[in-house]
Amino acid sequence: MRRIKLKFAGREVEFVDRDLALRLVEEWAERGGTYPPVQVIYGPPEGCGKTAWLLQAVELLKDYGFNVIYINPINRLALAEVSTDNIREEFLNLIKEAINQNALAKVAWIAYNVAYDLIKATRGKIAVIVDDAFQAIGIKESALYVKALLNLIEYPPEHYEKIVTVAATSEGVSLREIGRHRWAWSTPMWNMPKDSFEQLYDQIPSNKPPFEEAWRITGGNPAMLESLHRVNWNVDKIVSMLIKEKDLSYGFVKKWLIHLREAINDPDYLWFNAPEELVNELIERNLILYFLPKRDPEQWVDQPPPEKDLELGIGKYVAWQTPLHREAVKRALESVGE
Ligand SMILES: Nc1ncnc2c1ncn2[C@@H]1O[C@H](COP(=O)(O)OP(=O)(O)OP(=O)(O)O)[C@@H](O)[C@H]1O
Ligand SMILES: [Mg+2]
C-alpha cells in the first residue's frame, strides 16, 4: 500500500502508523464488508486524525479492488476512485455544483445517490466513506442519513459483492442522536499513541520543545501539534483561542465552578458526581469524551487510550479531549478567581 502524503505543519508528511486502524480496514475489505453494515466512527478528540486515516483507507480499499467514494463536506473535498467513467464524472460535477452553491448537506446525499448507482452498475465491491458530514447535514438529519445508508445496504437495487460504509464525526452531539437508534453502532478513535505521535513530531522542523513536553501538552493530538507549531509553540495563545472557541465565559465557569474544579483534577468526577446539564454542556462544546468504552482494542479504531492517565486528563469513563482543553478550563477557572 502506498502511504499517502499529507499537508502537515507547512510541509508534506507521509501518513504515519495507525497500523491497527488500517488492519481494521483490511478486515472489512477481506471479509464481506463492514459489519455492522454502517460503521460510525467518532473521534472527539477533534483533530485526532480521522480524516488522515480515512484518506489512507481510500488508497487501501482501492488496492483491494473497491470502487471508492469519499466525501468531506466541511473540507469541501470529494474523491471518486471508481472504475465507471461516467459515474465518476457525474459525481464530481454534482459535487462541484453543490459546493459552489454552498449546499454542503447536498454533498452527503450525492454520495448516497452515487453509491446507489454504483451498486446498480458494478454489482461489485463498493466503499462509501462519509467524513464529517453530520455537521453539514444537521443532527436530526444525520440519523436519517445513516438509516438511508443502512437501507441501501440491506435492500440494494442489485446484488453486490461487498460494501464498506464508514461515517466519521467529531461531534459528540450528533453521535448521541445517532446512538439512540437500534441500528447504529459506533466505535471511537483516540489521539495518536505515543510512538506514532513521535514519528509525526520528528517530521516537524527544529525549534520545537522536547518530545516529552509536546506529548504532555497535546496528549498525542496531531491537530494540536500542528497548531502549536503554527504559533511558534506559544501555548498561552492556543489556550486563549480555546477559551474563546469553547465559549468558556465568566458566567459559564462561575456557574459550574465547584464541579469544574474537581473535573480538571479527575475527569471521572463528571461520571459520578456532576449534574447532567454540565456534562451536556461539556459534550456540546467538544471539551470531553464521555463514556469511554473498555480499553479492548476490538472496541476502538486503532489503539485505545490508557486505562487512566490523570496527567493527560484521561479517566476511566471520561476524558478531556486533550490536555490543552483541560488547560483552557483551568485558565478560565483561574480568571474567576474565587
Ligand atoms: N497518521 C497520520 N500521519 C500523518 N499525519 C497525520 C496523521 N494523522 C493526522 N495527521 C495530520 O494531523 C492533522 C489533523 O488530522 P485530521 O485532520 O486527520 O484529524 P480529524 O480527526 O479528521 O480532525 P477533525 O476532528 O477536525 O475532523 C492533519 O494535518 C493531518 O494531516
Ligand atoms: Mg476530519
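Here are a few questions and answers about helix packing and ligand contacts in this predicted model.

User: Which conventions apply here?
Analyst: Happy to set those out: residues are numbered from 1 along each chain as its sequence is written, chains are lettered from A and ligands numbered from 1 in the order written. In this predicted model local features need pLDDT of at least 70, side-chain atom pairs count only at pLDDT 80 or more, totals for chains, interfaces and linings use all residues, and side-chain values use heavy atoms, leaving out hydrogens and water.

User: How are α1 and α2 oriented to each other?
Analyst: Helix α1 (residues 19–30) and helix α2 (residues 50–63) have axes that come within 10 Å and cross at roughly 40°. Angles under 35 degrees count as roughly parallel, over 145 as roughly antiparallel, 65 to 115 as roughly perpendicular and the rest as oblique. The pair is therefore oblique.

User: And how are α3 and α4 oriented to each other?
Analyst: The axes of α3 (residues 85–100) and α4 (residues 104–122) come within 10 Å, crossing at roughly 170°. These helices are therefore roughly antiparallel.

User: Which residue has a polar side-chain atom 2.7 Å from an oxygen atom of ligand 1?
Analyst: Good one to check in the structure! A polar contact is a pair of N or O atoms within 3.5 Å. A side-chain N or O atom of T51 is 2.8 Å from an oxygen atom of ligand 1, and one of E226 is 3.3 Å from an oxygen atom of this ligand. The 2.7 Å value belongs to K50.

User: How many residues surround ligand 1?
Analyst: A residue counts if one of its heavy atoms lies within 4 Å. The closest are V16, G47, K50, T51 and A52, and the total is 21.

Technical notes
Axes are lines fitted to C-alpha atoms, for helices over the stretch in contact, and angles run from 0 to 180 degrees between N-to-C directions. Helices (H or I, at least four residues) and strands (E, at least two) are DSSP runs, numbered from the N terminus. A polar contact is a pair of N or O atoms within 3.5 Å; within protein, one must be able to donate a hydrogen and the other to accept it, and residues adjacent in sequence count only if both atoms are side-chain atoms.
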